[in-house]
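Please look through the sequence and the model below before reading on. The points after it are meant to be checked against the display one at a time.

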Amino acid sequence: MLVHLAYLVYATVGGFLGLRSLLWLWPHLLSTAWSVAVTLTPMNCPLTALEKWLLVTAGRAPYDGSFTEHYLRDVVYPAQYEVGIWLAMIGIAIMSYVVVLASRAHKTAASTATASPPDGREQVSGR
């Protein structure tokens with residue numbers, strides 16, 4: 001369950017790790033695509049399957065439905081807000097990409113501006 005919750009947090013805000021290095025962005029893009037696919041298709045999440053298998057192995061009955069149905073819906077948030085919460089989470093993930101790319105563009109522009117004078121001419125000493 002904790003791994004599943006950690007994945008949901010990572011899938012939501014992990015894109016901001018791209019501010020440290022763009023290498024962090026690639027696994028997050030994959031996790032975002034996976035989250036969208038699992039949410040919008042009848043695909044089953046392997047973490048849910050693993051958790052249910054572990055419950056059975058421990059002698060407990062597995063729960064019905066998805067992880068979010070069992071642990072989050074009507075426990076952490078009311079069911080009627082589920083679509084809005086999912087859209088907000090995806091929105092935050094997409095916003096992280098915008099922030100990372102804007103930050104990169106700003107750093108590139110700043111380094112280009114300091115590398116050459118604004119008018120493009122070489123500086124001549126006043127001697």
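The numbered points below go from the overall make-up to single residues.

1. Basis of the note. This is a predicted model, in which local features need pLDDT of at least 70 and side-chain atom pairs count only at pLDDT 80 or more, while totals for chains, interfaces and linings use all residues. Residues are numbered from 1 along each chain as its sequence is written, and side-chain values use heavy atoms, with hydrogens and water left out.

2. Overall make-up. The protein has 5 helices and 0 strands, so from the N terminus the order of elements reads α-α-α-α-α, where helices (H or I, at least four residues) and strands (E, at least two) are DSSP runs numbered from the N terminus. Of the 127 residues, 20% count as buried. Here buried means under 20% relative accessible area, exposed means over 50%, and partly exposed is in between (1.4 Å probe, protein chains only).

3. Surface and contacts. The accessible surface comes to about 9100 Å², and carbon and sulfur atoms hold 69% of that surface. Such areas come from the Shrake-Rupley method with a 1.4 Å probe, and for residues only the protein chains shown count as cover. Among contacts in the protein with a separation of 6 or more, 56% are between residues 24 or more positions apart; contact means heavy atoms within 4.5 Å.

4. The core. Which residues make up the largest nonpolar core? They are Leu55, Tyr63, Phe67, Leu72 and Tyr77, 5 residues in total. A nonpolar core is a set of buried Ala, Val, Leu, Ile, Met, Phe, Trp, Tyr and Cys residues joined through side-chain atoms within 4.5 Å. In soluble globular proteins, nonpolar side chains tend to be buried together. Leaving out residues up to four places away in sequence, Leu55 touches Arg60, Ala61, Pro62 and Tyr63.

5. Aromatic rings. The structure holds 2 aromatic pairs. Tyr63 and Tyr71 form an edge-to-face pair, 5.5 Å centre to centre with 75° between the planes. Phe67 and Tyr71 form a tilted pair, 5.0 Å centre to centre with 50° between the planes. Rings of Phe, Tyr and Trp (its six-membered ring) pair if their centres lie within 6.5 Å; planes under 30 degrees apart count as stacked, over 60 as edge-to-face and the rest as tilted. Ring pairs link Tyr63, Phe67 and Tyr71 into a cluster. Because Phe67 and Tyr71 are 4 residues apart in helix 4, about one helical turn separates them. Tyr63 is buried at 7% relative accessible area and Phe67 is buried at 3%, whereas Tyr71 is partly exposed at 22%.

6. The nonpolar patch. Helix 1 (2–13) and helix 5 (82–115) each supply at least two residues of the patch, and helix 5 gives the most, with 3 residues. Val9 lies in helix 1 and is exposed, with a relative accessible area of 51%.

7. Apart from neighbours within four places in sequence, Ala11 is in contact with His28, Ser31, Thr32, Ser35 and Ala93. The C-alpha atoms of Ala11 and Leu29 are separated by 8.7 Å, with the two residues 18 apart along the chain. Ser96 lies in helix 5 and is buried, with a relative accessible area of 0%. Not counting residues up to four places away in sequence, Ser96 touches Gly15, Phe16 and His28.

8. Arg73 is partly exposed, with a relative accessible area of 27%. Asp74 lies in the loop between helix 4 (67–72) and helix 5. Phi of Asp74 is near 65°, a positive value in a residue other than glycine, and Asp74 counts as exposed at 58% relative accessibility.
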